[in-house]
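Keep the sequence and the 3D view open while you read.

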Amino acid sequence: MKKITVKTSVNAPVEKVWGFFTQPEHITKWNQASEDWHCPKSESDLKIGGKFNHTMAAKDGSFSFDFEGIYTDVIPNEKLAYKMPDNRKVEVNFSAAENETQIVETFDAEEENSLEMQEQGWKAILENFKQYTEKN
């Protein structure tokens with residue numbers, strides 16, 4: 001299975017970045033790849049074996065899906081890993097350096113969409129996260 005990696009650097013301390021990345025009240029504010037989508041619902045039991053579910057939906061109501069998984073590793077301010085229902089794995093690493101946090105997200109590619117399209121979508125969501133976190 002091919003893996004894709006996306007990354008960004010957020011101008012904020014790792015504790016803030018971790019909180020905004022993992023708390024449902026923040027996830028609903030940044031978890032979309034484009035302006036015509038939103039995340040109306042987010043639930044998360046942030047512990048190993050805990051489940052999360054984020055509803056991703058087109059703002060015009062034409063389409064929605066649940067992005068969900070089970071946490072396989074949770075190290076606050078350092079690492080988050082989970083497995084999706086189709087057994088693809090995702091690992092997110094957080095590295096603190098002064099008032100900046102590097103996020104490196106690696107995930108197993110799926111078969112339906114091109115690697116480039118998947119990378120662009122995940123990168124767009126990560127950039128929305130960066131902008132939201134730096135503004136709030």
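**A walk through the chain**

The chain holds three helices and seven strands. Helices (H or I, at least four residues) and strands (E, at least two) are DSSP runs, numbered from the N terminus. Starting at the N terminus, the elements follow the order β-α-α-β-β-β-β-β-β-α.

A word on the model itself. This is a predicted model, in which local features need pLDDT of at least 70 and side-chain atom pairs count only at pLDDT 80 or more, while totals for chains, interfaces and linings use all residues. Residues are numbered from 1 along each chain as its sequence is written, and side-chain values use heavy atoms, with hydrogens and water left out.

Now the overall form. The C-alpha atoms fill a box of roughly 40 × 30 × 30 Å, taken along the principal axes. The chain has a radius of gyration of 14 Å, which agrees with the value near 14 Å for a compact globule of 136 residues. That radius is taken over C-alpha atoms, and the globule rule is 2.2 Å times the number of residues to the power 0.38.

Of the 136 residues, 40% count as buried. Buried means under 20% relative accessible area, exposed means over 50%, and partly exposed lies in between (1.4 Å probe, protein chains only). The chain exposes about 7700 Å², and carbon and sulfur atoms supply 48% of that area. Accessible areas come from the Shrake-Rupley method with a 1.4 Å probe; for residues, only the protein chains shown count as cover.

How far along the sequence do the contacts reach? Among contacts with a separation of 6 or more, 47% join residues 24 or more positions apart. Contact means heavy atoms within 4.5 Å.

Next, the inside. In soluble globular proteins, nonpolar side chains tend to be buried together. Here the largest nonpolar core has 31 residues. Such a core is a set of buried Ala, Val, Leu, Ile, Met, Phe, Trp, Tyr and Cys residues joined through side-chain atoms within 4.5 Å. The residues with the most contacts inside this core are Phe-21, Leu-80, Tyr-82, Phe-94, Ile-103, Trp-122 and Phe-129.

Look at Trp-122. Not counting residues up to four places away in sequence, Trp-122 touches Val-6, Phe-67, Tyr-82, Met-84, Val-90, Glu-105 and Phe-107.

Glu-105 deserves a stop of its own. Glu-105 is found in strand E7, which covers residues 100-108. Is Glu-105 buried or exposed? Glu-105 is buried, because its relative accessible area is 7%. Leaving out residues up to four places away in sequence, Glu-105 touches Ile-4, Thr-5, Val-6, Phe-21, Tyr-82, Val-90, Glu-91, Val-92, Trp-122 and Leu-126.

Glu-91 counts as partly exposed, at 32% relative accessibility. Beyond its neighbours within four places in sequence, Glu-91 is in contact with Lys-79, Leu-80, Ala-81, Val-104, Glu-105 and Thr-106. Glu-91 and Gly-61 are 30 residues apart in sequence and 30 Å apart in space, C-alpha to C-alpha.

Turn to the helices. Why is helix H1 (residues 14-22) largely enclosed by the rest of the structure? Seven of its nine residues are buried, so the rest of the structure largely encloses H1. The buried ones are Val-14, Val-17, Trp-18, Gly-19, Phe-20, Phe-21 and Thr-22.

Pro-24 sits in helix H2 (residues 24-30). At 23% relative accessibility, Pro-24 counts as partly exposed. Leaving aside neighbours within four places in sequence, Pro-24 is in contact with Ser-42, Glu-43 and Ser-44.

Finish with the loops. Asn-87 lies between strand E5 (79-83) and E6. Asn-87 is not a glycine, although it has a positive phi of about 75 degrees. Glu-98 lies in the loop between E6 and E7. Phi of Glu-98 is also positive, near 55 degrees. Glu-98 counts as exposed, at 84% relative accessibility.

Ser-62 is in the loop between strand E3 (51-58) and strand E4 (64-75). Ser-62 is exposed, with a relative accessible area of 54%.
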